[in-house]
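I opened my notebook to jot down what I looked up, one topic at a time. Here are the entries.

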Amino acid sequence: MSSAEPLGEGRWRELARQALARLLRTYGSAQFDLCEDAVQDALLQAYQQWPARSPDDPLAWLIATARRRYADRARSDARRRDRETRAALSQPTQAPEVAQRDDSLLVLQLCCHPELPRSGQVALTLRAVAGLSTAQIANAYQLPERTIAQRITRAKRRLGELGQPLPQPAAAGERVTAVLDVLYVMFSEAHHTTAGAPARDADLAVEAMHLTRLLRRGVPESTEVTGLLALMLLTEARHPARVGPDGRLTSLDEQDRALWNRELISEGIGLVEQATAGAEPGPYLIQACIAALHAEASDIAATDWVEILALYRLLEIVTGHRNPTIALNRLVAQAMVDGVDVALGQLDALEADHPGLPRLNAVRGHLLEQAGRPDDAAGAYRRAIAATINLAEQQHLRHRVRRLSGAPADPVQGPSR
Amino acid sequence: MKYLIIMQVDPAVLEQLTEEQQRQIGAGHGAFIAAVKESGEFIATQALADPSQSKVVRSSASSGDQPEVTDGPFVESKEFMGGFYLLDVEDEARAVQLARQIPDAVIPGLALELRPVMFADLGEG
């Protein structure tokens, strides 16, 4: 690959993605495998030929070559077994003269098809749109390569069974929500990875932000897409302060805010301001607004908790009060506004309705600590330690328990296994 | 999320199985493995030898710096861990749903125990 040095990996991935999008647009999603193989063939040819003589328009070259390879493959397939493929070859489902930005958007929507399981949506999106290899995706999720390969195969087969061509641009907006959810899961998983896990060669948070930017180019008018991008940027901005040198998580009140990435924060806040003007806000934009208020504050005391509490209430309303985790997060703000006793009372009610709600006892410990009840707080943290399956979170909670028992701060050490 | 499904077995129960039951269990595990491979949820499975083959390594008050090695299982018990499935599933409900499909689930005296995995290095990459 060093022979193709003039193009960076990012540019190759971009070209591959656009070529695949164009082929899918032409031949339909039922031919996903064939389109992907044809693009791979064309890329291989490009690797070999371009160092000697590179085309003026690399994308046009790649698409034209991939089309020829598609025809070759479809013909030999057709000869071998499949009449349907011949029909697909002779009848392109769409005219190819559609703007490129629509291609990318539609492939994103195809990969996030609501009929696919979440794990299939994520794997297929990372492969077909982000351009990651199966090995890179497997590495990012700490799963065997064959497990990821199987998910991708299965997702493509399912898309073939569904038999729908790519949705028309007019219907495109309907599937944006599904895409947003997939990208958000991808991003949050990246932020919940465990400290002490082996190094990964693909950063899922970076991929998710890249894909969200791509989606935003397709639907610049969607305030939810803009909201999700802002939420990601504002969350990512805090990342350098989130994990201490010993690999332990630090909560918002302990973070060194000087480590927050100001560039990401100002881009995120800019997007929030742009999207909120005159908008009826959706869940992602509201969460971005909350993240922006935290980002703007110099410390916990200077934070606009009244506004944050109001935004959490709004978030609960627009999500139909169906997500108890939002209520749980709201209680942290509520304690700052209405006092910790009010929040603790509501926490008990929340637990009665949702026993076993993740992180509930971590929040309870935090509130009890605020209320000046260290023994009760330690008890809540211990229950939270038993309930979490995240090693970094456990370390963080154990640190809290030790702090409450008056023990000295953590010795600097690697994560325990 | 990754789940370990632990097969809790009782040698006395295994002894009493008819050949037909043993054949069905073998076929059931084969079908289960094929199904979770097909669904992209399979990571690994292992069956362990009899606990009489176990060695235990641990330090004690009398062993000093060097841990001592003894024969037999860590815990004396009628049931022991006979093997496991390591799966990657959407959520706990799916893990339970899959565990119910394992042939051991319908044999009195055998059981499946599920626990989420916090850390895994599968030796790839």
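**Confidence.** I started with pLDDT, the predictor's confidence in each residue, from 0 to 100. I noted that this is a predicted model, where local features need pLDDT of at least 70, side-chain atom pairs count only at pLDDT 80 or more, and totals for chains, interfaces and linings use all residues. For bookkeeping, residues are numbered from 1 along each chain as its sequence is written, while chains are lettered from A and ligands numbered from 1 in the order in which they are written.

I looked up chain A and found a mean pLDDT of 85, with 85% of its residues at 70 or more. Over residues 91–99 of chain A, pLDDT stays under 50, and the model has 13 contacts beyond four places in sequence for them; two residues are in contact if their C-beta atoms, placed from the backbone, lie within 7 Å. Residues 409–417 of chain A also stay under 50, with 14 such contacts.

Chain B has a mean of 92, and 98% of its residues reach 70 or more.

**Chain B.** I found three helices and six strands in chain B. Helices (H or I, at least four residues) and strands (E, at least two) are DSSP runs, numbered from the N terminus. Along the sequence, chain B goes β-α-α-β-β-β-β-α-β. Its C-alpha trace spans about 50 × 45 × 25 Å along the principal axes. Of contacts in chain B between residues at least 6 apart in sequence, 73% join residues at least 24 apart.

**Where A touches B.** I looked up who takes part: 21 residues from chain A and 14 residues from chain B. On the chain A side, α6 (118–128), α7 (134–141) and α8 (145–162) each supply at least two residues. The largest share of that side, five residues, comes from α8(A). By class, the chain A side has nine nonpolar, seven polar and five charged residues. Here Ala, Val, Leu, Ile, Met, Phe, Trp, Tyr, Cys and Pro count as nonpolar, Asp, Glu, Lys and Arg as charged, and the others, Gly among them, as polar.

**Helix pairs in chain A.** I took α16 (residues 340–353) and α17 (residues 360–370) of chain A, whose axes come within 10 Å and cross at roughly 160 degrees. Axes are lines fitted to C-alpha atoms, for helices over the stretch in contact, and angles run from 0 to 180 degrees between N-to-C directions. How do α16(A) and α17(A) run, roughly parallel or roughly antiparallel? They are therefore roughly antiparallel to each other, since angles under 35 degrees count as roughly parallel, over 145 as roughly antiparallel, 65 to 115 as roughly perpendicular and the rest as oblique. Among the residues that meet are A:L344 and A:L347 in α16(A) and A:V363 and A:L367 in α17(A). The contact divides into seven nonpolar, one polar and two charged residues.

My other pair was α10 (residues 204–218) and α11 (residues 223–242) of chain A, with axes within 9 Å that cross at roughly 155 degrees. α10(A) and α11(A) are therefore roughly antiparallel too. Their contact has eight nonpolar, two polar and three charged residues.
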